[in-house]
Every structure is written in structure tokens, then in C-alpha cells.
Amino acid sequence: MNQNNEDRQLSVFEIDANDDETDVVFLEQAYAYHQQLVAEENHLPLTRNPINRDREGAEERLMADYFNDHCRVAGANNDINVLDNSPLFDDLLNDTAPVVPYVVNGVGYEKGYYLADGIYPQWATFVKSFTVANDAKHAYFKKRQEGARKDVERAFGVLQGRWGIIQQPARSYHVNTLHRVMYSCIILHNMILKDQKMAVFDWNEVYANPSRNMQRTWIERCETQRRKNKEMRDRDTHLSLQLNLMEHIWQEAEHEDEDF
């Protein structure tokens, strides 16, 4: 009799222990479910698919491409990186560029020049505008220089509109192919201008003779490139040409006013 009572009490304790463990599991599940409901209530519904912009990585790439001591050429097509790797002045460095002597404001120059904005270096082959125009003369030069640059951009717009060049990325083309395409379009454009009696200048007489480089030794060619590179990057020539051009067009403007 006593044995039966002890067995029955033991089974009751075991059942009570199992019930406590079950209650704990249920309470944990209920708490987790409650937390899920609260999170869903506080979470705003998404109306579009999220896109990972990787802003931190973009900032790092921007700094590496434009502001580090050694910028990258691939993926960083800013003006300076393109200039450093451009064959634009190869003919000048090889001493096969056209000979174009001219006089500006009584000063003679031998090299042609490109119109450029303020980011480009002060080379003898660039004519830049002024960042700040302090007087009427500087303001007039700034206006004329920027206007001429716009005319060049419009000319490339004509090439693009007529023959569809530079409309799409051209990385898949070979460099020589790009040269030939561009030169062909420019020649066609100049032929049209000449046919319409709008040609500005005949270049046939000013090209240098490429044969003058044929007999030079490797050392002579290296010395020529070193000398031409120094002349091209001459800052004093750049400033002199800039100021003389400013004086030249200012005098033209004054003469036009006198004629009127």
C-alpha cells in the first residue's frame, strides 16, 4: 500500500516537472512571436526593391581616380589622365608636326596651340581662359576664348550629326582605326567647307617634311624629344602667348569701335 502511494506521488512530480518545461517553451515561443509582431508593425513597407549603392566604395574609387598621388588611366577618364596618355603631341615631340609660324602683337611664335579650360597645365601648346576677369580687357578675352571653344565643340557636333562618330563608346576599336575615322571625318568636313567657299586656310604648304627624321639615330631622336618636350611645357611661353593674344584681340575690338 505504501509502495503504491510512493509510485503515485513520483509520477505526479514527474508530470508536474514536464508541465513546467512545456510552459517555458510555450512562453519563449509566445515572446518570440510577440517580438515579431512588434517588429512588423514598426517596419515601414517597402515600395521598391532596395539597391546597394556602395557609397563607401564609390568614395574610395573617386579618391583613387582623381585625388591620389598616383591616379589610375583605366576607369579615370578625366582630362589630365587622358592628356598624359594621349598621342596628341606625338608629332610635335617627334619633330614632324606642321610648321606654323605666326606673329601675335608683334611677337613671333612657331607652334600651334589648342584652346583649353582651366584644368589643363600651362603649356606653350595651350591657350587657357582666365578664371577671374579683373577688367574689361580680361573679360573680353575670356568671352572670345570660351566662344571659340564652343565653336570647336559645335564642329564636333556637326561631325557627330553627319557621320555618327563619337556617339558610342569606342574602347573596342583599335587606336589607329579611331585615328583614321576621326581624320576622315575632319577631311570630309573641310572638303565641304572648301566646296562652299568657307575654307579658312590651306594646310598643304605648312606640313613639315617627315623624311627629315629618317636619317636620325636613336640618340638624336631621344634628344629631340627631350628638347621638344621642354619647349612644349614652357610656362613662360604659355603666359606670353596668352597675354599677347589678349592684347591682339583687344586692339581689334578697339579698331572695330573706331570704324563704327
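Select Asn244 to begin and, leaving aside its neighbours within four places in sequence, you will find it in contact (heavy atoms within 4.5 Å) with Val104, Asn105, Val107 and Tyr109. This is a predicted model, in which local features need pLDDT of at least 70 and side-chain atom pairs count only at pLDDT 80 or more, while totals for chains, interfaces and linings use all residues. Residues are numbered from 1 along each chain as its sequence is written, and side-chain values use heavy atoms, with hydrogens and water left out.

Asn244 sits in helix α8 (residues 235-259), where helices (H or I, at least four residues) and strands (E, at least two) are DSSP runs numbered from the N terminus. Asn244 is buried, with a relative accessible area of 12%; buried means under 20%, exposed over 50% and partly exposed in between, with a 1.4 Å probe and protein chains only.

Next, select Ala116, which belongs to strand β3 (residues 114-116) and is buried, its relative accessible area being 4%. Not counting residues up to four places away in sequence, Ala116 touches Phe126, Val127, Lys128, Ser129, Gln145 and Arg149. The C-alpha atoms of Ala116 and Val127 are 6.0 Å from each other, although these residues stand 11 residues apart along the chain.

Finally, show the residues where helices α5 and α6 meet: Phe156, Val158, Leu159, Arg162 and Trp163 in α5 are in contact with Met182, Cys185, Ile186, Leu188, His189 and Ile192 in α6. These residues divide into nine nonpolar, one polar and one charged, where Ala, Val, Leu, Ile, Met, Phe, Trp, Tyr, Cys and Pro count as nonpolar, Asp, Glu, Lys and Arg as charged, and the others, Gly among them, as polar.
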